Amino acid sequence: MRDRADMMRKTYAQKMAFTGIIAALCVVVLFLTGIVPIATIALPALAGCLLIAVVVEAGVKWAFGAYAGCSLLSLLLVPDREAALFFIVFFGYYPALYAILGRIKNVVIRWITKLAVFNAAMFLEVFVSVKFLNIPIEEIPFFGQNTVIVLFLLLNAVFIIYDKAFDGLIFRYIKVVQPKIKKMFRF
């Protein structure tokens with residue numbers, strides 16, 4: 001009985017250490033938006049992808065915990081508020097949500113759910129950016145009156161590509177990176 005308790009504490013400590021390291025890397029990547037301002041969307045997406053490792057190694061609950069910690073730290077430390085907002089409203093929790101939504105057997109329902117979550121997140125991001133970060137939406141005049149519709153379609157197309165890329169990232173992580181992680185952390 002004591003060996004089992006020791007093993008559980010060791011596993012908990014390993015998950016905590018691993019999750020902490022990945023969360024710190026996420027915050028560093030988000031902090032880089034102050035150095036590379038044109039990466040306002042790319043760096044939060046990359047930071048979110050790092051949480052794939054937490055989902056695989058520690059589980060969905062740990063990934064949501066890492067997301068919460070990174071979100072709080074990004075509000076305090078990240079110089080690009082819009083990049084922090086992108087991470088908070090979508091990219092940060094999506095790896096854990098991806099694992100949960102992957103359990104939906106019906107492909108159509110799974111995609112409808114994914115697109116609904118994405119579009120709600122993008123609506124929230126635009127709303128908060130315009131209302132609280134004072135980013136004028138009028139500065140996107142390149143499609144005229146159809147700007148909102150074109151951006152909606154483009155964002156959804158990019159999201160579908162991003163979601164499909166997750167399959168490849170997870171596969172690559174499990175085949176290439178996970179054996180090295182298991183060796184380092186003795187999972």
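So, what does the lining of the second largest pocket have by class: nonpolar, polar or charged residues? Keep that in mind while we look around; this is a predicted model, by the way.

Okay, the pocket. The second largest pocket has a volume of about 180 Å³. Around it you'll find I22, C49, L50, I52, A53, L169, R172, Y173 and V177. Helix α2, residues 42-57, and helix α7, residues 147-185, each give at least two residues to that lining. And back to my question: the lining has eight nonpolar residues, no polar ones and one charged.

Now let's move over to α5, residues 94-101. I'll take its packing against α7 to start. Their axes are 12 Å apart, at an angle of about 80 degrees, so α5 is roughly perpendicular to α7. On the α5 side, the contact uses Y94, P95 and Y98, and on the α7 side it uses F159, Y162, D163, F166, D167 and I170. Sort those by class and you get seven nonpolar, no polar and two charged residues.

Then there's α6, residues 107-131. The axes of α5 and α6 come within 11 Å and cross at roughly 160 degrees. An angle over 145 counts as roughly antiparallel, so that's what we call α5 and α6. Their crossing is right-handed. Who's touching whom? From α5 we have Y94, L97, Y98 and L101, and they meet R110, T113, K114 and V117 of α6. That contact has five nonpolar, one polar and two charged residues.

If you've got the structure open, have a look at Y94 and Y98: they turn up in the contact with α7 and in the one with α6.

Notes: Residues numbered from 1 in each chain as written. Predicted model: local features only at pLDDT ≥ 70, side-chain atom pairs only at ≥ 80, totals over all residues. Heavy atoms only, no water. Axes fitted to C-alpha atoms, helices over the stretch in contact; angles between N-to-C directions. Helix = DSSP H or I, 4+ residues; strand = E, 2+ residues; numbered from the N terminus. Parallel < 35°, antiparallel > 145°, perpendicular 65-115°, else oblique. Left-handed = near helix turned anticlockwise from the far one by under 90°. Contact = heavy atoms within 4.5 Å. Nonpolar A, V, L, I, M, F, W, Y, C, P; charged D, E, K, R; others polar. 1 Å grid on protein atoms, 1.4 Å probe; cavity = no way out; pocket = protein on both sides within 12 Å on 5 of 7 lines; lining within 4 Å. Points joined across faces, edges and corners; volume = space filled by probe spheres on them.
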